[in-house]
There are 2 protein chains.
Amino acid sequence: MSLLVIGSVAFDAIETPFGKTDKIIGGAATYISLASSYFTDKVNLVAVVGGDFPKSEIQLLENHGINTEGLQIKENEKSFFWSGKYHNDMNSRDTLVTELNVLENFDPIIPESYQDCDYLMLGNLAPQVQKTVIERLEKRPKLIAMDTMNFWMDIAMEPLKETIALVDVLIINDEEARQLSGEYSLAVAAKKIMALGPKTLIIKKGEHGALLFQEEKVFFAPALPLEVVFDPTGAGDTFAAGFISYLAGQDDVSFENMKRAVIHGSAMASFCVEKFGTAKLIGLNQEQIDERVQQFIDLSRFDLVNT
Amino acid sequence: MSLLVIGSVAFDAIETPFGKTDKIIGGAATYISLASSYFTDKVNLVAVVGGDFPKSEIQLLENHGINTEGLQIKENEKSFFWSGKYHNDMNSRDTLVTELNVLENFDPIIPESYQDCDYLMLGNLAPQVQKTVIERLEKRPKLIAMDTMNFWMDIAMEPLKETIALVDVLIINDEEARQLSGEYSLAVAAKKIMALGPKTLIIKKGEHGALLFQEEKVFFAPALPLEVVFDPTGAGDTFAAGFISYLAGQDDVSFENMKRAVIHGSAMASFCVEKFGTAKLIGLNQEQIDERVQQFIDLSRFDLVNT
């Protein structure tokens with residue numbers, strides 16, 4: 001099934017305890033479309049870059065089967081740039097630089113060929129822009145998933161809630177769930193957030209796994225205990241990508257399939273953190289992914305009686 | 001199979017955001033022996049209390065089938081007393097009062113009738129006392145599990161390591177694992193800690209579940225996403241109790257059975273936090289426990305293909 005991905009395509013400069021990079025390719029939609037290319041055939045990208053964005057990187061996305069017709073190139077402007085430094089525990093980071101550049105006036109134009117959109121992934125962006133994308137689709141997709149971040153809760157809570165009300169699945173982390181709901185208990189937070197509209201909520205807990213809530217149902221996906229987390233940048237986007245593209249690839253939005261989708265999202269995120277930026281998401285093969293998913297099964301499977 | 005439990009039997013005064021208690025019954029060995037009584041018949045307690053400890057509370061332990069022959073009563077001394085206050089997030093607490101009293105010179109005397117000990121649970125105590133218990137057993141138990149805390153790492157690291165070297169299973173929390181190993185990654189910490197001696201390591205992560213390590217194998221048990229954690233006191237002891245008493249009840253120390261034991265420990269801990277102190281561990285029935293264990297299965301079970 002076709003998956004429409006919207007989000008940033010950008011430059012990042014990252015510093016971790018293991019090293020630092022110059023400007024490398026990043027952005028939510030870059031991670032999402034690359035990771036999604038492993039699970040569904042038709043990935044349609046909507047984003048904007050400046051004239052400084054290398055054509056070779058756009059070619060790389062196309063080599064992964066990603067349709068870049070909706071990638072606007074503003075020749076006389078600069079691409080979005082983010083720079084950050086991770087603390088030693090890798091669970092927190094400081095933003096050093098944020099240059100919005102082309103994102104400042106991003107008008108998300110949906111090419112006509114994207115209008116058959118079955119699944120929609122709204123990567124982290126201003127909630128007003130995310131809402132515009134939904135409004136510009138002639139038919140409602142089968143499933144709309146949305147990522148966001150605390151930044152929008154600080155400066156645009158009302159527009160954010162309006163957009164959240166329109167989506168099927170909200171994907172946020174534990175801190176964001178607490179801020180959005182005003183509740184410390186994630187079980188209570190989940191109820192309050194689902195009352196805003198989304199039937200399904202995923203709360204990502206980083207190294208502690210992820211919780212999938214739907215009505216009264218709850219599923220917990222563990223995270224692999226990794227010896228090294230080299231660079232967490234993009235792990236959340238990659239998780240969301242694995243989730244929605246697995247659903248799109250199977251064309252099955254049942255709760256049982258969402259459980260599998262969360263496991264596939266977790267597996268893809270576990271690859272993402274092994275190298276700087278998107279490096280590990282390039283050129284994976286099905287055998288590697290299957291092997292990683294099997295590790296998640298081995299990690300959490302038990303039988304109540306001897307079999 | 002018989003389970004020997006050693007640890008504190010004491011008074012606690014607890015303050016949480018939900019309320020506060022006067023002196024109530026607490027102590028690691030109280031939680032461990034009460035929770036263990038649901039899984040194995042023969043629970044033998046070794047501990048010490050002062051003359052101030054109510055006979056009715058000893059009777060309550062006996063009503064749960066716990067053998068208190070090894071509970072020393074120092075008529076002219078006072079019982080161990082701990083008082084603490086939990087922060088709003090329930091994940092951290094301040095110790096307000098610690099009065100060692102009878103624990104200061106605790107000599108763990110093992111009654112002759114306890115010498116058939118098959119399983120040994122060393123609750124949190126000075127590591128030298130824990131070691132003395134092992135030395136005083138005429139035959140080595142089939143399995144020795146040990147709890148400890150950061151306090152002993154601060155003031156008695158060498159005796160602690162000597163005791164750790166003698167046990168089969170070490171049960172500690174994530175912060176303690178990091179302090180003991182000097183490693184942030186729990187996967188790396190686990191390897192270093194198992195190199196100290198224990199073939200099996202359990203790292204408790206509170207609301208984030210627990211990890212079971214053995215050689216190259218790893219198993220992750222989730223925690224239930226609870227709406228209310230009323231009082232976390234004793235949750236770690238109760239977890240350890242569920243673990244070792246399930247092994248003792250089944251008399252099976254295979255890795256597969258340890259997975260089930262970790263789930264049973266998690267289930268018992270999830271009961272413990274629902275009320276102040278030991279209140280919730282009194283008078284549970286098998287149906288309630290089975291139902292809770294089933295919730296853990298439902299929480300983490302998925303099938304890779306439709307069944």
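Chain A is superposed on chain B by a rotation of 180° with 0.0 Å of shift along its axis, at an RMSD of 0.0 Å, where copies are fitted by least squares on the C-alpha atoms of residues with pLDDT of at least 70 in both. That is the relation of a two-fold axis, and in chain A the C-alpha nearest this axis belongs to His208(A), at 3.0 Å. The model is predicted, so that local features need pLDDT of at least 70 and side-chain atom pairs count only at pLDDT 80 or more, while totals for chains, interfaces and linings use all residues. Residues are numbered from 1 along each chain as its sequence is written, and chains are lettered from A, with ligands numbered from 1, in the order in which they are written.

**Interface**
- The contact (C-beta atoms, placed from the backbone, within 7 Å) takes 25 residues from chain A and 25 residues from chain B.
- On the side of chain A that touches chain B, α7 (186-194), β14 (217-221), α9 (255-272) and α10 (286-300) of chain A each supply at least two residues; helices (H or I, at least four residues) and strands (E, at least two) are DSSP runs numbered from the N terminus.
- The same surface serves both copies, as 100% of the contact residues of chain A recur in chain B.

**Sheet of chain B**
- Nine strands form an open, mixed sheet in the order β6-β5-β1-β9-β10-β11-β12-β13-β14 (chain B), pairing being assigned if DSSP finds at least two bridges between two strands.
- β6 (66-74) and β14 (217-221) of chain B stand at the edges with a single partner strand each, so one side of each is left without a neighbour in the sheet.
- Strands β10 (residues 143-147) and β11 (residues 169-173) of chain B run parallel and are joined by three bridges, and Met146(B) has Leu170(B) as its bridge partner in β11(B).

Terms used: Two residues are in contact if their C-beta atoms, placed from the backbone, lie within 7 Å.
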